[in-house]
Amino acid sequence: MSKESDRIFAQPLAQVPDFAFNEDVVRVFPDMIKRSVPGYPTIVENLGVLAAQFAQPNSVLYDLGSSLGAVTQALRRHVRTEGCKVIAVDNSAAMVERCREYLNGQNSMFQELLPVEVIEGDILALEFEPASVVALNFTLQFIAPEERLALLGRIRQALLPGGALILSEKLRFSDPEEHGLLTDLHVAFKRANGYSDLEIAQKRSAIENVMKPDSLEEHRERLLAAGFSKVVPWFQCLNFASLIALP
Ligand SMILES: C[S@@+](CC[C@H](N)C(=O)[O-])C[C@H]1O[C@@H](n2cnc3c(N)ncnc32)[C@H](O)[C@@H]1O
Ligand SMILES: O=C(O)C(=O)C[C@]1(C(=O)O)C=C[C@@H](O)C=C1
């Protein structure tokens with residue numbers, strides 16, 4: 001994996017452009033996401049552990065919004081279920097190209113890994129195969145809010161009995177005091193990871209038009225409206241959480 005550190009917002013920008021998963025971001029993405037998302041390494045590794053409990057024989061495991069394939073690699077480290085394959089999907093050409101390189105690296109280091117297919121495409125236009133595990137790891141927050149329910153409905157329809165959706169997101173909080181406190185603590189987390197106040201402020205304005213977090217209550221209600229029967233939060237660190245949704 002690239003060891004390049006994230007300096008994208010380090011210099012003052014006359015105008016901060018909307019955040020995009022372009023070549024510049026791809027180059028520093030492993031560093032960016034680890035220093036920006038509290039609990040990210042724990043979430044990714046345990047997503048593999050959880051997936052191994054839900055994987056059904058001869059089914060697909062989806063990694064939607066796969067970026068560089070960190071979740072796909074964790075699925076392949078942990079899932080041993082007969083006849084499963086991983087399908088990783090991302091609509092950023094730069095991400096997909098680098099993801100394929102990293103997965104080739106994983107292929108050459110380990111034997112008996114699940115087969116994997118990496119698709120460059122829009123998850124909103126995907127025709128789902130019967131799936132036992134679907135991971136949306138910090139992807140739904142980048143989907144237009146009005147598209148989210150229909151996407152979750154299609155995922156629910158594709159899920160096999162015994163399977164699960166694992167959904168990780170940045171959260172907002174309806175209580176202003178709770179929202180303010182956890183936002184401040186997230187800023188402290190970023191500062192402790194070496195980001196300057198300028199970097200934090202410019203990143204905030206870059207993502208505010210493209211990334212729209214929901215509250216835990218909104219997630220739960222929407223998942224139930226999409227046809228899921230049970231929503232179980234399994235991880236939260238500051239304003240980032242991960243949920244298991246059962247069909
Ligand atoms: C925060 S990153 C996901 C991180 C990744 N899942 C991980 O755990 O390392 C969000 C990803 O979703 C992708 N994405 C956003 N909208 C998409 C869409 N409509 N279809 C496919 N991918 C999308 C972006 O290109 C980006 O790579
Ligand atoms: O909320 C922030 O400040 C973030 O940087 C979060 C976040 C994310 O949750 O995906 C946003 C964009 C990058 O992909 C990495 C992290």
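These questions and answers work through a predicted model, setting values against definitions. Local features need pLDDT of at least 70, side-chain atom pairs count only at pLDDT 80 or more, and totals for chains, interfaces and linings use all residues. Residues are numbered from 1 along each chain as its sequence is written, while chains are lettered from A and ligands numbered from 1 in the order in which they are written.

Q: Why is R76 called buried?
A: A residue is buried if 20 or more other C-beta atoms, placed from the backbone, lie within 10 Å of its own, exposed if 12 or fewer, and partly exposed in between. R76 has 24 such neighbours, so R76 counts as buried. R76 sits in helix 3 (residues 70–78). Helices are DSSP runs of H or I with at least four residues; strands are runs of E with at least two, and both are numbered from the N terminus.

Q: What makes Y40 partly exposed?
A: Y40 has 19 C-beta neighbours inside 10 Å, so Y40 counts as partly exposed. Y40 belongs to helix 2 (residues 40–54).

Q: Why is D122 called exposed?
A: D122 has 11 other C-beta atoms within 10 Å, so D122 is exposed. D122 lies in the loop between strand 3 (116–120) and strand 4 (131–137).

Q: Which residues is R76 in contact with, leaving aside its neighbours within four places in sequence?
A: Contact needs C-beta atoms, placed from the backbone, within 7 Å. On that basis R76 touches V86, Q106, L113, L114 and V116.

Q: How do you know that the span of helix 2 agrees with its length?
A: The expected span is 1.5 Å times one less than the number of residues. Helix 2 has 15 residues and should span 21 Å; its end C-alpha atoms are 21 Å apart, so the two agree.

Q: Which residues of helix 2 are buried?
A: They are I43, V44, L47, G48, L50, A51 and F54. Among the elements they pack against are strand 1 (60–64) and helix 3.

Q: Which residues are closest to ligand 1?
A: Of the 21 residues that surround ligand 1, the closest are F21, G65, N91, S92 and N137. A residue counts here if its C-beta atom, placed from the backbone, lies within 6 Å of the ligand.

Technical notes:
Two residues are in contact if their C-beta atoms, placed from the backbone, lie within 7 Å.
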